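Please view the sequence and the structure together while reading the points below.

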Amino acid sequence: MKYLIKSLIISFILLSNTSYSQDKVICLFIDNFSDIELDSVQVLIKDKIYFSNKNGELFIDSDELPLTISITDPRYYSKTLDIENLELIKIKLTNKGIILNDVTISSNLLSNKIKYTTTSISVLDDIVFRKKENEFIIKSLNQVTGLYSHSAGFNTNRITIRGMGSRSPYSTNKIKAYINNIPLSNGVGELLLEDFGINSIDQIQIFKGPNSSIYGSGLGGNIILTSGKSSDNTVRVSSSFKSFNTFENNFSFSTSHSKFNTFINIEKVKSDGYRENNLYENTRGIFNISYDINNKIKLELLQFYSRVNALIPSSLSLSTFIQHPEKAAFSWKNIKGGEDFSRSITGLSIKTDNFKSLKTTSSLFFKKFKNDENRPFNFLTEESNNYGIRHVGQFFHNEQIISYGFEISYEKYHFDTWDNYFVNKILLTHQIQDRNNTNFFVQYDNNFDEKSNISLGLGMNNISYNWVCCDKREINELNYRFKGIISPRLSYNYQLKNNSLFINISHGYSSPNIDETLDENGFVNPNIKPETGWNYEVGLIGSSLKNKISYNLNLYLMNIKNLLVAQRTSYDTFVGVNAGETTHPGTEIKLNFIVYKKNFSSIIISNNFSKYWYRFKKFNHQGNDYSANKLTGVPSQTLYSKIDFNYKKIISQLSFYSVGKIPINDSNDLFSNSYSIFNFKVSKTFNLNSIDIYLTTGINNLFNKKYASGIVINAVGFGNSEPRYFYPGLPRNFFITLTFEI
């Protein structure tokens, strides 16, 4: 809204001051995502370099018209415009994420540069280039500091942030995610991100640790997605062919007309897969429309739908992983095991802004999930209906901001397991679960002066489960609830010229899911407690040498109590126990270098490094003392480095991804091997009249490294079979993508 006000003021000046308007054309440079004015944008006009002022403006003499201006600033994706008439020109630019303290974010209803934040936030960089590859979203996330995802395939991934979520057997939990203020996690905190396509997303923010009271005080953190909302009138069609008979076709349409902004993205992904029993098919679409009722009220509708049909190769034993990583687990291949699920998300938001003292966003949402899964031990049918409301408001007074809000959701979850499902359907188990979540929060921010900002947050969380469970022997009515958990947060940011320092102390929690509340007999264990912990963190973000070097450094320590351990009791049954405490010290370093830049050419090196010293502080389980052992399922370190070469309309990138050893069991007598892989891709832009054509191709895992991309911790072998710990990573593979943009 700030740039809109500025635009109106500038337009008024142009209309009211005739002599001035006859002399100048005003270009107003704006961040495409946050609408913040961009200062010092480098512009090439007739072989001369110019820069926008601190208000994002560039004045051009009208007697120079017509002319062509080119954005040559290495921080932003290049753009060329022809200016013919005397008018206010608003130019939206997309940040590449090179100069870290220049990156803008939009969360908690505010848009701001990341250097002013008081918590640890990462923003996925280079998202436009990733879209040219049709990169899978999990691969993108795995390059962020502090985050590691165990990847078992297109449809099975387990995301961990700072070690949280590593003990979940096959899904992501302890991390809350949102898209456009709509929660994505279900009623027990499980999260599914892999069926989102990167082409439907404009920005991805990752809050690491329990740093955000407004997003739920989760121990792992938050992943915030913002769907495509481009106001440009654009039609985009792309088609990718990748190894293993993988096809991805995408159609995007965005338009801005009067008070309407519309974005539509439809995708189809189909693959034979690298392994046996690995077929995958996903049809997905997202629809986002906003309508400005007036300059103070806006309505926004979000609709997402995904239909996935996928076979499951499952994990492998050590011997099979070494000798035949392309094989599927025999039991899954034998029955052609897999899943067939659909998911929809509907959200309606109303946003108000009175320009002075109050902003609000209120969202109603409804989420539906339905799945049929054919498994070696039974056939699973499940269905979920989840609805709720989320409200966030902010009061402004001078340099003080009070944020408040709540999130309430109700989920009805039903599942059955069957024997001989395709013959006579023998019911084995039946459950109907009610999952109720409530979250209230308040936050106070005060900018004391231009250099310092303090933030105080408080969240209160409550969850309850009520369900009916029956099998062929008995019927039980079960319920579980715990007292509300209060999670405070205190953080402070101080500006030091081109740098900013923040200190943060925060509390978080993670509630047990339903399985973890049961004992081995299927009854509620009244002694189960939520995991809770404190996080202590210091961070530095900034740049030096005229922005040639940019960095983000974080040191943190989390101490977790009441560690929840999933204990396997049968093929598909797990129970939870509170087994002790863990400590999570670590460091995250992001370092970017601009090696060379001149007009449309540049060489840029980026490095993301994470080092973890996570251990069990006190851990006794089933008579075994694992205290002081390394935390299971988390690598010792990760490193992602890339070098980007840009020359006019050619972009190429060589990247290196390295993962340290991962403890596979709690006793630490088995580790996965560390590995490193290289990837390369190149993109060329062609222009045909008003059509931009992008041809992108690349090779992943250049040297055909054999590695495990996912680990099942503490796997158990039943009968005389070996435990199946390993999901093999992809061997050398390639892709080629052709994109047309009008």
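A residue is called buried when its relative accessible area is under 20%, exposed when it is over 50%, and partly exposed in between, using a 1.4 Å probe and protein chains only. The model is predicted, so local features need pLDDT of at least 70 and side-chain atom pairs count only at pLDDT 80 or more, while totals for chains, interfaces and linings use all residues. Residues are numbered from 1 along each chain as its sequence is written, and side-chain values use heavy atoms, with hydrogens and water left out. Helices (H or I, at least four residues) and strands (E, at least two) are DSSP runs numbered from the N terminus.

**Salt bridges**

- A salt bridge is defined here as a side-chain nitrogen of Lys or Arg within 4 Å of a carboxyl oxygen of Asp or Glu; the count by this rule is 35.
- Glu 588 counts as buried, at 0% relative accessibility, and forms salt bridges with Arg 162 and with Lys 208.
- For Glu 588 and Arg 162, the closest N and O atoms are 2.9 Å apart. This pair links distant parts of the chain, 426 residues apart: Glu 588 is in strand E35 (residues 580-598), and Arg 162 is in the loop between strand E12 (156-161) and strand E13 (175-179).
- Arg 162 is buried, with a relative accessible area of 0%.
- For Glu 588 and Lys 208, the closest N and O atoms are 3.0 Å apart. Lys 208 lies in strand E15 (residues 201-208) and Glu 588 in strand E35, so this pair ties together parts 380 residues apart in sequence.
- Lys 208 is also buried, at 1% relative accessibility.
- Asp 126 pairs with Lys 642 in a salt bridge whose closest N and O atoms are 3.8 Å apart. Because Asp 126 lies in the loop between strand E10 (121-123) and helix H3 (127-133), and Lys 642 in strand E39 (residues 637-647), the pair ties together parts that are 516 residues apart in sequence.
- Asp 126 is buried at 9% relative accessibility, and Lys 642 is buried at 4%.
- Asp 126 and Lys 642 belong to a network of salt bridges whose members include Asp 125, Arg 130, Glu 133 and Lys 681.

**Phe 395**

- Phe 395 is located in strand E24 (residues 379-397) and counts as partly exposed, at 42% relative accessibility.
- Leaving aside residues up to four places away in sequence, Phe 395 touches Ser 357, Leu 358, Gln 400, Ile 401, Ile 402 and Tyr 404, where contact means heavy atoms within 4.5 Å.

**Cavities**

- A cavity is a set of points, on a 1 Å grid over the protein atoms alone, where a 1.4 Å probe fits but cannot get out; lining residues have an atom within 4 Å of a point. Grid points are joined across faces, edges and corners, and a volume is the space filled by probe spheres set on the points.
- There are 12 cavities of 30 Å³ or more.
- The largest cavity has a volume of about 940 Å³. Of its 47 lining residues, Phe 136, Lys 139, Ser 151, Tyr 707 and Leu 730 lie nearest its centre.
- Strand E11 gives the most to the lining of the largest cavity, with five residues.
- The second largest cavity has a volume of about 400 Å³. Among its 29 lining residues, Lys 176, Asn 186, Gly 189, Asn 437 and Tyr 509 are the closest to its centre.

Methods
On a 1 Å grid over the protein atoms alone, a cavity is a set of points where a 1.4 Å probe fits but cannot get out, and a pocket is an open set with protein on both sides within 12 Å along at least five of seven lines; lining residues have an atom within 4 Å of a point.
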